[in-house]
Amino acid sequence: MMRLIASMSPACQLQGKSDSESAVVDGWVSFGWNYLEVPLEVLGKDPNDEAAKTDIATALVTMNVHLKDRSYMVGDGVTLADISLIFAADKIASSGIFELKDVNLARWYDTVKKQTFFQHTAFSP
């Protein structure tokens, strides 16, 4: 659904600026689903599931390393990758199971959450 909506406004570049960026965005969206969203659902049913905790911890390390020299997951602005991952990261942070304390991950999280779009819609009280 996100991809369909983003494709309706290509000028926003939510799918990336090029075909290669779009492929990387798709990769991160899939990554978020497989290694964050699905394990979060598992933990919702079984808070002691060690495999789900390991998947999430590994995913957070992967993201932290990827963000070492980047402000956003792909390119130089918010893409669907950031949008999908920020919601998963917010669930993780609010669950209390994990802290987003790794420096690159925390910087990205704060940067994306401070975007006007998120302040006025997604994360507003």
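Phe31 is buried, with a relative accessible area of 15%, where buried denotes under 20% relative accessible area, exposed over 50% and partly exposed the range in between (1.4 Å probe, protein chains only). The rings of Phe31 and Tyr35 have their centres 5.3 Å apart and their planes at 40 degrees, so this pair is classed as tilted; rings of Phe, Tyr and Trp (its six-membered ring) are paired if their centres lie within 6.5 Å, and planes under 30 degrees apart count as stacked, over 60 as edge-to-face and the rest as tilted. The model is predicted, and local features need pLDDT of at least 70, side-chain atom pairs count only at pLDDT 80 or more, while totals for chains, interfaces and linings use all residues. Residues are numbered from 1 along each chain as its sequence is written, and side-chain values use heavy atoms, with hydrogens and water left out.

Both Phe31 and Tyr35 lie in helix H2, 4 residues apart, about one turn of the helix; helices (H or I, at least four residues) and strands (E, at least two) are DSSP runs, numbered from the N terminus. Tyr35 is partly exposed, at 41% relative accessibility. Across the whole structure, the search finds 2 aromatic pairs. In the pair formed by Trp28 and Phe31, the ring centres are 4.9 Å apart and the planes stand at 75 degrees, so the arrangement is edge-to-face. Trp28 and Phe31 are both located in H2 (residues 19–45), 3 residues apart, again about one turn of the helix, and Trp28 is buried, with a relative accessible area of 10%. Through these ring pairs, Trp28, Phe31 and Tyr35 are linked into a cluster.

Attention then turns to helix H4. The 16 residues of H4 should span 22 Å at 1.5 Å a residue, which agrees with the 23 Å between its end C-alpha atoms, the expected span being 1.5 Å times one less than the number of residues. The buried residues of H4 include Leu80, Ala81, Asp82, Ile83 and Leu85. Ser84, found in H4 (residues 80–95), is likewise buried, with a relative accessible area of 15%, and its side chain reaches the backbone oxygen of Ala81 at 3.2 Å. H4 is followed by Gly96, whose phi is positive, near 80 degrees.

Methods:
Polar contact = N/O pair within 3.5 Å; in protein donor to acceptor, adjacent residues only side chain to side chain.
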